[in-house]
Amino acid sequence: MQSQPIQIRRGIFQGDYLLPLLFCIALIPLTNELNRADCGYQVHGTERKISHLLYMDDMKLLGRNENDLKNDMKIVQTIIKDMNMNFGLEKCARMCLKRSSVQSKMHVGSTFENDIKELDTRKTYKCLGIEESFDIQHKNEKEKLKKEFLRRMRLVLGTELSAKNKIQAIGSLAVPVLKYSFGINN
C-alpha cells in the first residue's frame, strides 16, 4: 500500500515514531557520497575504508590526513545544503591526529570548516554520550557511568513498585546508562 506524497516543508514533528526511520533514510545519500569518496582509514586486511561513523544525528568524520578530512567536510557541506539541513556547528569540533599525537591546527578553507572549532587537547566533546578528546579517559568515564547507574538504581529501588516492576524499571532506566558504553569503554 502506498500513500499520497507527503509534503514536508520544515522538519518532522518530534516524537513521531517514523522520525528515526525517515532521518536515517534522509542520510543515505550522505553516507553513499562519503563512501564513494575513497577517503578514510583502511581496515587492516581488507580493501574496506572507513571515512565516517554515523549513529542517528551523531557523525564522526575520519581521514588518513588533512586532505581526506577537508574532502569529507566538503561532501557533508554540499549534501546538507542540497537537503536543506542544518547542523548544530556549535556542537562540532575537529582535531588532527597523527600516530596518536595531536598535530598542529588544521588548515581550513571553506566557511563551513571555519565554523567548526578546533578541539583543545585539554577539552573533550561528547559522542554517543561518551566524553572524548584524542582518547577516551576510560577511568573517568567508568566512574561517571557507575555514579549515574547507581543513582538510577537507588531511585528505582526506593519506590514502592512490585519486584517484577522494579526489575522492568531497572532494565529500562538504569541498564541503558551502561549499554551505550559497551564496546567503547574498557
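Which residues make up the largest nonpolar core? Leu27, Leu30, Leu34, Ile75, Val76, Ile79 and Ile80 do, 7 residues in all. A nonpolar core here is a set of buried Ala, Val, Leu, Ile, Met, Phe, Trp, Tyr and Cys residues joined through side-chain atoms within 4.5 Å, and buried means under 20% relative accessible area, with exposed over 50% and partly exposed in between (1.4 Å probe, protein chains only).

A quick word on ground rules: this is a predicted model, where local features need pLDDT of at least 70 and side-chain atom pairs count only at pLDDT 80 or more, while totals for chains, interfaces and linings use all residues. Residues are numbered from 1 along each chain as its sequence is written, and side-chain values use heavy atoms, leaving out hydrogens and water.

**Overall picture**

The protein has 6 helices and 10 strands, taken as DSSP runs (helices H or I, at least four residues; strands E, at least two) and numbered from the N terminus. Of its 186 residues, 25% count as buried. Take the contacts (heavy atoms within 4.5 Å) between residues at least 6 apart in sequence: 48% of them join residues at least 24 apart.

A second, separate core has 6 residues, including Phe149, Val156, Ala169 and Ala174.

α2 and α3 also pack against each other, as the table shows.

| Feature of the α2 and α3 pair | Value |
|---|---|
| Angle between α2 and α3 | about 155 degrees |
| Distance between the axes of α2 and α3 | 10 Å |

Axes are lines fitted to C-alpha atoms, for helices over the stretch in contact, and angles run from 0 to 180 degrees between N-to-C directions. That angle makes α2 roughly antiparallel to α3, the label for anything over 145 degrees. The contact involves Pro29, Leu30, Glu33 and Leu34 on the α2 side and Asp72, Ile75, Val76 and Ile79 on the α3 side. Sorted by type, these are 6 nonpolar, no polar and 2 charged; Ala, Val, Leu, Ile, Met, Phe, Trp, Tyr, Cys and Pro count as nonpolar, Asp, Glu, Lys and Arg as charged, and the others, Gly among them, as polar.

Phe149 sits in helix α5 (residues 138-157). Its C-alpha atom is 5.4 Å from that of Ala174, 25 residues apart along the chain. Leaving aside residues up to four places away in sequence, Phe149 touches Ala174, Val175, Val177 and Leu178.

Asp38 lies in the loop between α2 and β1 (41-42). Its phi is near 60 degrees, a positive value in a residue other than glycine. Asp38 is partly exposed, at 48% relative accessible area.

Methods: Parallel < 35°, antiparallel > 145°, perpendicular 65-115°, else oblique.
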